[in-house]
Amino acid sequence: MADTVHSKTEPNGRRLIVLSIAALGVVFGDIGTSPLYAVREAFGEHYGLALTEANVLGVLSLIFWSLIVVISLKYLTLVMRADNHGEGGIMALTALVMPSKLRRGHWRYFAVMLGIFGASLLYGDGMITPAISVLSAVEGLEVAAPRLAPFVIPVTVGILLALFLFQSRGTQRVGGLFGPVTLVWFLSIAALGLAQIARNPHVLAALNPYHAVHFFTANGWTGFWVLGSVFLVVTGGEALYADMGHFGPLPIRLTWFFVVLPALLLNYFGQGALLLANPAAVENPFYLMVPAWATYPMIALATAATIIASQAVISGSFSLTRQAMRLGFLPRMTVVQTSSEEIGQVYIPTINWILMFATVGLVLGFGSSSRLAAAYGVGVTTDMVFTTLLFAVVAWSLWKWPRILVALLALGLLAVDLSFWGANIVKVPQGGWFPLVVGAVMLLVMTTWYHGRTLLASVLKKDAFPIERFLETLAVSKNPPVRVPGTAVYLTRNPDVVPPALLNNLGYNHVLHERVVVVSVETEEIPRVAGHLRGELRPLELGFSRVVLHYGFMEHPSVPDELYAMEELELDPDDTYFVLGREVILAEGRLGLPRWREQLFALMQRNALPATAFFDLPPDRTFEVGHLIRL
């Protein structure tokens, strides 16, 4: 199979400019705010790295080549080729390698589990990024006026609370401001760096990779551990890939090479120039580059930029959750569409409140961006390793690239990824445990739900009654049930068998509606399904019809709208009723899973969003029929 192509043509002209500016605010918020803390952390007291000219040039050289290799080469040139019908992100990448049926022990099962664990780790990123970004911006108050230091934590918490409370309103209203504000941010940090480089142009010698190599040979293991802080400059790499579906690869690539990369390099090298001239500026080299008159405006601009960066990560957590629900790895939750134009703009209250309490707790618990930096990086580096492995699987198994080429690319990228991972893993005792714990918990939840639903389906299959045989039995029955006026729509997982809710309803009430429509909703392993491929209708005997609705894993299913739009059915909304089966699970240790995992699955099943809301069913025309299942 050739590389996946986009369904939309590449933008050009004015639209390309508009998309590129918009991409600044959504795609590059995380990586764009790294100058606030990355250089400072590289020379932090925890490393004991001497502030010599050789070390400054070495760190800058590592920063430069990290941005080139990890972002420019790995993500923008290679990984962004692995799109799933235009959509990116590790969940979309996982869907590319996910077979129709997962079999334990198969290599694809291992690949999918890597992707799910990588997606799980992004929840930890969604908690840490707002905390470290906003806190590092507000810490500028300590530079402007040391007496304001006690207010840093309260102000940060206030901003974060406002940010999460705002989520229910969506980003549509302020989305147009994100790009221009971020553009001003990048132009400002570029100007600050350029002014310092002009005073000490010798700092540009760090472009030579010799300084990076010499840094390692001169500092030994200390130099290697510093990679843990150098990695902070590329932590937004996953966002480039995940947000590809919103803008397409061309605007992201153009914005990176012509705006973001030059601005970041100028600022990083400017901070290095400042440190060469004034080693004492290591306390906060970003804000100490700023002229005194511009300190407060820069604090305000940095805070705005970090809020935008946090918004992008939070929105990414919402999108990730919706994708996981569609692929069957999370139970149904309330999903609110916050934009009538952008399908990717959604709000999930459950995830929002979890992120809010975790983020505020991180700020209060760690107390400073320097301490938070210890927690930041472990999860993201692990995720980047998984992305490289999954990319290699796609290149080899789907694109049929030569094995030697795939092996060389994977080994080269893994050498970089594993170096960063190794330098960050030592942070686990200082806080790096947090994203790993979050990832492990989410992995447990996702796999428990997936395997539980799979095993539940196998239990239901044992008692399944093929719908054709049911109709044959009904046709020759000497005592057929009474047929009452109207249409009953039964939702079921398997369209080939009689829904348990129908059998139970028939057993309780001994009646059937004149028309019965058996509907199954299938989630495809693609982001969206074209409208003309949405529904499959098959008329059956005795007033029965079977419908299969297909949705992509990034779409919101609205079953009534689709059924009413099918002219062949001729449904009357005032005379149509929806019937759902409600499985009541009693965990008795029969599934083969540990008893506690069965109980966890039963708990999630009970608290999942009712299908009425998930499928947009009219509450006044929907009723449920309970079905006790012993597991």
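Leaving out its neighbours within four places in sequence, isoleucine 71 is in contact with Ile31, Ser66, Leu76, Val234, Gly237, Leu240 and Trp256. Keep in mind that this is a predicted model. Ile71 is a handy way into the largest nonpolar core, where it is listed with the residues that touch the most other members.

**Nonpolar cores**
- The largest nonpolar core has 178 residues, and Phe28, Leu67, Ile71, Trp185, Trp256, Phe329 and Leu563 touch the most other members.
- The top contributor to this core is helix H6 (residues 107–138), which puts in 17 residues.
- Another core lies apart from that one; its 17 residues include Ile467, Leu512, Val516 and Val518.

**H6 against H18**
- H6 packs on helix H18 (residues 378–397) at an angle of about 145°, and the two axes are 9 Å apart.
- The crossing of H6 past H18 is left-handed.
- On the H6 side, the contact residues include Trp107, Arg108, Leu114, Phe117, Leu121 and Asp125.
- On the H18 side, they include Val380, Asp383, Phe386, Leu389, Val393 and Trp396.
- By type, the residues of this contact split into 13 nonpolar, 5 polar and 3 charged.

**The E5–E6 hairpin**
- Strands E5 (residues 535–539) and E6 (residues 544–552) pair in the antiparallel sense, over 5 bridges.
- If you want a spot to check in the viewer, proline 539 has serine 545 in E6 as its bridge partner.
- There are 4 residues between the strands of this hairpin, and leucine 542 is found in that loop.

**Positive phi values**
- Most residues other than glycine have a negative phi.
- How exposed is leucine 542? It counts as partly exposed because its relative accessibility is 36%, and the cut-offs for that class are 20% and 50%.
- Aspartate 616 also has a positive phi, near 60°, and its place is in the loop between helix H25 (611–614) and strand E8 (622–630).
- With a relative accessibility of 35%, aspartate 616 therefore counts as partly exposed.

**Inside H22**
- Which residues of helix H22 (residues 500–509) are buried? Among them are Ala501, Leu502, Asn504, Asn505 and Leu506.
- An α-helix has 3.6 residues a turn, so residues three or four places apart point the same way.

How values were computed. Residues numbered from 1 in each chain as written. Predicted model: local features only at pLDDT ≥ 70, side-chain atom pairs only at ≥ 80, totals over all residues. Heavy atoms only, no water. Core = buried A, V, L, I, M, F, W, Y, C linked by side-chain atoms within 4.5 Å. Buried < 20%, exposed > 50% of the residue type's maximum accessible area, 1.4 Å probe, protein only. Helix = DSSP H or I, 4+ residues; strand = E, 2+ residues; numbered from the N terminus. Contact = heavy atoms within 4.5 Å. Pairing = 2+ DSSP bridges. Axes fitted to C-alpha atoms, helices over the stretch in contact; angles between N-to-C directions. Left-handed = near helix turned anticlockwise from the far one by under 90°. Nonpolar A, V, L, I, M, F, W, Y, C, P; charged D, E, K, R; others polar.
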